[in-house]
Amino acid sequence: MDLTKQAARFTARLSTLFAQTPVVASRRVRPAAVRLVVSAVALIAVMGAAAGIRAVAGADPVLSLIGGALVTVGALAAYAALVRALEQRPVTELDPGRARRDLSVGTLTGLALFLAAFALIALFGGYDTEGGVSVGGAITVFGLMTGVAVTEELLFRGVLFRLVEELAGTKGALAVSAVLFGGLHLLNPDATVWGALAIAVEGGVMLGAAYAATRSLWVPIGLHLGWNYALSGIVGVTVSGDDTGPRGLLQGVLSGPEALTGGAFGPEASLFAILVCAVPTVYCLRAAGRRGRITARA
């Protein structure tokens, strides 16, 4: 009974955090620069905790799903609490009423984009498999990538893009968040400068453009999850130069010209991936312009 009551209180608290009703202001709204620093530090701490949870879960499918759920709920709750405390407003960019539709659209689009790039790589003979099929691996990767997509999008689009946009406008926010997003991937084991630049363009700019067009974090979260899951959870190739994670459904092997396959960094450094991701990026930026969501520098 105590557990039931605690679960009910926790659910009620979450509902309050994500309620779309006006917030009764209890303090002044902090300057954008202060909110940026405080929120970034808090989200980086959450990402550190998430890394610890992933390490404990390892390659166990059940633990990975549980860990992914814990990271997802914890990160979303932390972000919502920060916004309400520092900005004194409802968290409209994580409106629960839009979650199902926006996540579905984003995830399916992310899956389709990577599979389109992958089809081009395979068409040129750059992909093969070894080993058998691992359903457990696919489940493990799903739990892992769910947490990664949520935490990275909350930090890079929810904090960096959104708050830099207040200071430097949409173009400045796209540039800063994309460069930092690409730079983060230089820390991966087989990272390359070209791979980081590719990630900055196809991931950083595309995901920022998706947020600018929709003003919903659910869309870039879904895009990020769909892309990463197709990459690692389905075809089983290296993600952003990091080949240390669990394999997914298949265990893929890339061969051929690095410009087409991405080499050791993985398909994200492929010219095909950049070209494929350019299409939704241009579409989203044009949509943001039509909807009056491109803001000028303050």
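Which element gives the most to the lining of the largest pocket? In this predicted model, that element is H5, with seven residues.

## The largest pocket

The largest pocket, with a volume of about 830 Å³, is lined by 38 residues, and those nearest its centre are Val148, Glu152, Asn188, Val239 and Asp242. Besides the contribution of H5, at least two lining residues each come from H2, H6 and H7. By residue class, the lining consists of 18 nonpolar, 13 polar and seven charged residues.

## The second largest pocket

The second largest pocket holds about 290 Å³ of space, and among its 15 lining residues Val105, Thr214, Val219, Tyr283 and Cys284 lie closest to the centre. Two or more residues of this lining are given by each of H4, H6, H7 and H9, with H4 giving the most, namely five residues. Nine of the lining residues are nonpolar, two are polar and four are charged.

## The nonpolar core

The largest nonpolar core comprises 70 residues, and those with the most contacts inside it are Leu76, Tyr79, Leu94, Phe114, Leu154, Val159 and Trp227. Helices H2 (32-57), H3 (61-87), H4 (96-123), H5 (135-184), H6 (193-214), H7 (218-234) and H9 (271-290) each give two or more residues to this core, and the largest share, 18 residues, comes from H5.

Once neighbours within four places in sequence are left aside, Leu76 is in contact with Phe18, Leu94, Val150, Leu154 and Trp218.

## Helix H7 and the residue after it

H7 is mostly covered, with 16 of its 17 residues buried; just after this helix, Gly236 takes a positive phi of about 65 degrees.

Definitions and conventions. Residues numbered from 1 in each chain as written. Predicted model: local features only at pLDDT ≥ 70, side-chain atom pairs only at ≥ 80, totals over all residues. Heavy atoms only, no water. Core = buried A, V, L, I, M, F, W, Y, C linked by side-chain atoms within 4.5 Å. Buried < 20%, exposed > 50% of the residue type's maximum accessible area, 1.4 Å probe, protein only. Helix = DSSP H or I, 4+ residues; strand = E, 2+ residues; numbered from the N terminus. Contact = heavy atoms within 4.5 Å. 1 Å grid on protein atoms, 1.4 Å probe; cavity = no way out; pocket = protein on both sides within 12 Å on 5 of 7 lines; lining within 4 Å. Points joined across faces, edges and corners; volume = space filled by probe spheres on them. Nonpolar A, V, L, I, M, F, W, Y, C, P; charged D, E, K, R; others polar.
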